[in-house]
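Hello,

I am passing along the structure we talked about, followed by some notes on what turned up. Please have a look when you get a moment.

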Amino acid sequence: MASLLLPIPHRLMACRLLLPALCTAALTAQAQLTAAAAAPARPDPLDPQARVPALVYESSLSPPPRAGNDKPIAWRDANDAVARIGGWRAYLREAQQPDPAAAEKPVAPAQAPASAPAATAKPTPTPTPTPTPAGHSGHKH
């Protein structure tokens, strides 16, 4: 009733604002009804005769599925292979090798700015550690 009391230009403005909201609500309702109709009927949880999918037990301790064509080998053969290549030290040497991508990039040495004279640059002093009391290893009571 209040919209009838508004002048005609204001009623038209209210209709222009209300129409998109009504269309959106109608489309949303239609989409929900369509989705509800397309969804398969779920079995009644209170029906003891309802068909349910079978339970499958998978232990968390079972080994994960293997990727690729790796065939398991006997532990003695694996130990012999490690001994042939040099044992754990061979793996350590391999891990300590520099990355080939990082080795190709030359690292420029750090230089002082050209505007600052080298004689005025002072080295920063290193902080001295505070002494701990003897006999208590620094424990405070």
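**Confidence and overall picture**

Within the chain, confidence is highest in helix α3 (residues 75–85), with a mean of 90, and lowest in helix α1 (residues 2–5), where the mean is 58. Please keep in mind that this is a predicted model. Across the chain the average pLDDT is 74, and 56% of the residues score at least 70.

As for the fold, there are five helices and zero strands, so that reading along the sequence gives the pattern α-α-α-α-α. Of the 141 residues in the chain, 2% are buried. The accessible surface amounts to about 14500 Å², and carbon and sulfur atoms account for 64% of that surface.

A polar atom of the serine 59 side chain lies 3.0 Å from the backbone nitrogen of leucine 61.

Best wishes

Terms used: Residues numbered from 1 in each chain as written. Predicted model: local features only at pLDDT ≥ 70, side-chain atom pairs only at ≥ 80, totals over all residues. Heavy atoms only, no water. pLDDT = per-residue confidence, 0-100. Helix = DSSP H or I, 4+ residues; strand = E, 2+ residues; numbered from the N terminus. Buried < 20%, exposed > 50% of the residue type's maximum accessible area, 1.4 Å probe, protein only. Areas by Shrake-Rupley, 256 points an atom, 1.4 Å probe, with all protein chains shown as cover. Polar contact = N/O pair within 3.5 Å; in protein donor to acceptor, adjacent residues only side chain to side chain.
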